[in-house]
Amino acid sequence: MFMESPLPQTEPPRDCPRCPRLADFRAECRAEYPDWWNAPVPAFGDPDAWLGIIGLAPGKHGANRTGRPFTGDYAGDLLYATLDKFGLSTGTYAADPNDGLRLKGAIIINAVKCLPPENKPTPEEMNTCRPFLETQIAALPRARAFIALGLIAHQSTLRSFGLKPSHHKFGHGARHALPGGRILFNSYHCSRYNTNTGRLTAPMFEDVFRMAMNEAA
């Protein structure tokens, strides 16, 4: 299985050793599920995107299994349906990296490239992985807006731009000015927990994308 990145020069190696805990967990997953991706998950989307979507980290049964961000678990259902609604994708999402889906004007990158135990990277792991996020953002000169999915993605994005999270409070629908005239929008993460509890609804999620399109598309 091989997922080609739209930003190939920015990706970590398949056996990236930078975070020992994550490397050990990756080895455990490879032993248990040898047919899964089980490696840093590459970016997915349009390298000329105007919109960058920043996720947290691969989900165990989603991107860590399939090798494509938000593919194969519940969070992808809402995200890709929303991208389709706003004309940011072509093809049909079928929760499979071979479904032919393509993004148009948007790209998805993660704050943490590898699967963390219990979906919770440590602050040290977030800091260690941030150079990859910074490099990928730098490789997107046409991106005028970013949507951070959740608090960790929000904080990592701000730090990638040299900003202090304490000066930019996370909140669903919040808007933050970034250097160079770029804009960061916040959304609650499109996880099953958030949608099942009603913390995030499809209309709420769509509102954030609508704000981004109104300002930056």
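**Contacts, pockets and cavities**

A: Thr71 has a relative accessibility of 0%, so Thr71 counts as buried (buried is under 20% relative accessible area, exposed over 50%, partly exposed in between, with a 1.4 Å probe and protein chains only). Before going further: this is a predicted model, where local features need pLDDT of at least 70, side-chain atom pairs count only at pLDDT 80 or more, and totals for chains, interfaces and linings use all residues. Residues are numbered from 1 along each chain as its sequence is written, and side-chain values use heavy atoms, with hydrogens and water left out.

Q: OK, where does Thr71 lie?
A: Thr71 is in the loop between α2 and α3. Helices here are DSSP runs (H or I, at least four residues), strands are E runs of at least two, and both are numbered from the N terminus.

Q: And what does the side chain of Thr71 make a polar contact with?
A: With the side chain of Arg68, at 2.8 Å. A polar contact is a pair of N or O atoms within 3.5 Å; within protein, one must be able to donate a hydrogen and the other to accept it, and residues adjacent in sequence count only if both atoms are side-chain atoms.

Q: Which residue forms a salt bridge with Arg68?
A: Asp99 does, with the closest N and O atoms 2.9 Å apart. The rule is a side-chain nitrogen of Lys or Arg within 4 Å of a carboxyl oxygen of Asp or Glu.

Q: Why does that pair tie together parts that are apart in sequence?
A: Arg68 sits in the loop between α2 (63-66) and α3, while Asp99 sits in the loop between β3 (89-90) and β4, so the pair links parts 31 residues apart in sequence.

Q: Arg68 and Asp99, buried or exposed?
A: Both are buried.

Q: How many salt bridges are there by this rule?
A: The count comes to seven. Another of them joins the side chains of Lys85 and Glu206, again at 2.9 Å from N to O. Lys85 belongs to helix α3 and Glu206 to helix α7 (residues 202-216), so this pair ties together parts 121 residues apart in sequence.

Q: How about accessibility for those two?
A: Lys85 is exposed, at 53% relative accessible area, but Glu206 counts as buried at 14%.

Q: What do Arg210 and Asp207 do?
A: Their side chains meet in a salt bridge too, 2.9 Å from N to O. They are three residues apart in helix α7, which puts about one helical turn between them. Arg210 counts as partly exposed at 33% relative accessibility, and so does Asp207 at 41%.

Q: Switching topic: what volume does the largest pocket have?
A: About 650 Å³. On a 1 Å grid over the protein atoms alone, a pocket is an open set of points with protein on both sides within 12 Å along at least five of seven lines, a cavity is a set where a 1.4 Å probe fits but cannot get out, and lining residues have an atom within 4 Å of a point. Grid points are joined across faces, edges and corners, and a volume is the space filled by probe spheres set on the points.

Q: Which residues lie nearest the centre of the largest pocket?
A: Leu56, Ala57, Asn119, His189 and Ser191, out of 28 lining residues. Helices α3 (74-85), α5 (151-160) and α6 (192-196) each supply at least two residues of that lining.

Q: How does the lining of the largest pocket split by class?
A: There are 14 nonpolar, nine polar and five charged residues. Nonpolar covers Ala, Val, Leu, Ile, Met, Phe, Trp, Tyr, Cys and Pro, charged covers Asp, Glu, Lys and Arg, and the others, Gly among them, are polar.

Q: How many cavities turn up in the whole structure?
A: Two of 30 Å³ or more. The largest cavity holds about 100 Å³ of space. It is lined by 14 residues, with Cys16, Arg18, Cys19, Cys114 and Cys129 nearest its centre.

Q: Which element gives the most to the lining of the largest cavity?
A: α4, with four residues.

Q: And the second largest cavity?
A: About 40 Å³ of space lies there. Its lining includes Leu22, Phe25, Arg26 and Cys114, and the largest share, three residues, comes from α1.
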